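Please read this briefing alongside the sequence and the coordinates.

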Amino acid sequence: MKYILFIAVASFILVSCDALSSPVQETYKSHKVEKGETVFSIAKQYNTTQEAIYVLNPDARDGVKVNTVLVIPSPDVISSTDSVSFRTHKVKRKETLFGISQQYGVSMDDIKKYNKQLYAQQVKKGEKLRIPIVKTGPSKNNTTTSENSSKGNDKGTYIVKSKETKFGIARMYGITVAELEAMNPGLEDNLPVATKLNVPANKVASETVDTEKYTLYEVQPKEGFYRLKVKFGLTEEAIVALNPYAKDGLKEGMILKLPKKDELTSLAAISEVNLESRLSNKSDKKIALMLPFMLNRASVDSVSNKELLQNERTMRIALDFYSGALMAAEFAKDKGISVTLNVFDTEANALKVGSIISNNNVGNMDAVIGPLSSNNVDKASSALSRTNVPVFSPLSNRNIKAERNVFQTLPSEEMLENGMIQWLKENSAGKNVVLISDAKRAKQKGKIVAAIPSIKIITPRDKGYLYIGDIDKHMSRGSADNWVIVETVNPVLLSNVVTLLNGMPAGYNLRMFTLDKNKAYDFDDISNMNLARLGLTFPSVSKSYAYDDKVPFLISYNNKYGVLPNKFAVRGFDVTYDVLLRLASSNDLYDETMGEFETEYIENKFRYELQSNSGYANRAMYILQYNKELQFDVVK
């Protein structure tokens, strides 16, 4: 089946470039003044300035009358007077508007005035800005643009205290992190105590934030008070009360103090939504599917290609994922959604990823699914960050430099741990809870003890093993169940503990738990039968479907390919179908992620949440338990 699919992929992938053209812009427009209009309102309507209108319509300085015809400059036409000249600045990597204003001694408002796009977006690398230079005398070097521009050069000093962060200090002075970094080149993420920072001298520092009660949140692009209300349940008045400088509106990068939500969000509070019943936007969805098919390594010899498939695990995973994605596109079309699936071979190469994006107009597509490796996801998300095209990382969430357009479809290990701890905290009342943990799981041990203070702790002996008496003395012999949490990556200790627990009397009502069913559980000496007897319970990113399930996808896949799908094919379906349904349920995929809801499909579920300093992360997870038939039951 995979070989046939490999041939199909090879014939399907075509690289083409669309010729791009842009209309010639008008330089000027005319506007007939209507009742109630002012120069200010007209300037706002045409995205220009009052001064630009006055230059072309001098009489307007005395006011405008109804039916007066004004000449309006295009937003790209920069007004100039005898007293104003301009210099061009090409934006460099990591430069900010604040830093550029400091460099030229010009206020940020003055730069925005002559570069209208900056009212809606941040400066971009390679962008050319017009910097106004207003002459105030014979000397060309004695220039300024406003009364406030000279103030922008005044810097104060701030001494970093223990546990302070860039976010907290930026908030104290009402500036963005980017502006703080511009004033302090080379500023590291972790600030050493007693570090001297440059800060605005003309702004009074606000109080420090009580991190026990509040968290710091960075305002994302296009976020307003409404989005924050949906996300955090806080009204505009409540946000402004905590952050007075937000009274004039929110801007990208602004740091807000918000009431701290319990990091371990209660799993019971999340509602599940069927997006198939909420379809409202069935227009053509253009999806770029970027997978490492490795066609560059293929040959005309079918025997060689079969050997290539056998030896290249990454290629096999890509083909399996692709087979599931194709089925998802077909299912979406059955729902009336128009889908254009653009398939690209990344060749597992970051340079190839960049070439695909630049040569195939990917920036105008609705979403990108892939690539598979974290390095290539970094490349794709960075290249598409300007156009804000969402990039869904289907199989990797490790070491991703999460741009704000990244959707990590796999929950992180920390999220799985936190979810499992929360479940234990909510369900361990009346149980005798015991923790067996080695030194390598000290962090997890601390989190468990903090959540369940009454827990009994067993530490392995010096040689890394336990005797039956080490555990037995902590067991409850009454009516209470014994819940034993085992935290180790050592297969020898794990085998030792599993064997001892299976030898305990049946009346002990034992159940075993772990925050991470890691590779140690695959050790030959650890019997799945013994784990099933203990009812091993653990967190997981996915569940397993039953082979006798009469699910339409399983039936259709079996009919098309002659086999049931493996986990990569199922994930290809689940991820792709979820993306298509989200696009079809809203005019803006980012808006569709704002609600606190989960979607669930064959083996995977999704609940995306915007992270404070990165992209979106999937926080949906399963808690599974081994049953006596050696299958996994879904506990939560």
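**Overall composition and local backbone features**

Of the contacts in the protein with a separation of 6 or more, 68% are between residues 24 or more positions apart; contact means heavy atoms within 4.5 Å. This is a predicted model, in which local features need pLDDT of at least 70 and side-chain atom pairs count only at pLDDT 80 or more, while totals for chains, interfaces and linings use all residues. Residues are numbered from 1 along each chain as its sequence is written, and side-chain values use heavy atoms, with hydrogens and water left out.

**Composition and surface**

- The protein has 21 helices and 26 strands; these are DSSP runs numbered from the N terminus, with helices being H or I of at least four residues and strands being E of at least two.
- Of the 636 residues in the protein, 47% are buried. Buried means under 20% relative accessible area, exposed means over 50%, and partly exposed lies in between (1.4 Å probe, protein chains only).

**A three-stranded sheet**

- Three strands form an open sheet in the order S10-S21-S22, with mixed pairing; two strands pair if DSSP finds at least two bridges between them.
- Strands S10 (271-272) and S22 (605-606) are at the edges and have a single partner strand each, so one side of each is left without a neighbour in the sheet.
- Strand S21 (residues 597-600) runs antiparallel to S22 and is joined to S22 by two bridges.
- Across this pairing, Thr-599 stands opposite Phe-606 in S22.

**Backbone geometry in loops**

- Most residues other than glycine have a negative phi, and most peptide bonds are trans.
- The peptide bond between Gly-370 and Pro-371 is cis, with omega about -5°. Pro-371 lies in the loop between strand S13 (367-369) and helix H13 (374-383).
- Asn-388, a residue other than glycine, has a positive phi near 60°. Asn-388 sits in the loop that links H13 and strand S14 (391-393), and counts as partly exposed at 30% relative accessibility.
- Leu-630 also has a positive phi, near 65°, and is a residue other than glycine. The loop between strand S25 (622-626) and strand S26 (632-634) holds Leu-630, which is partly exposed with a relative accessible area of 36%.
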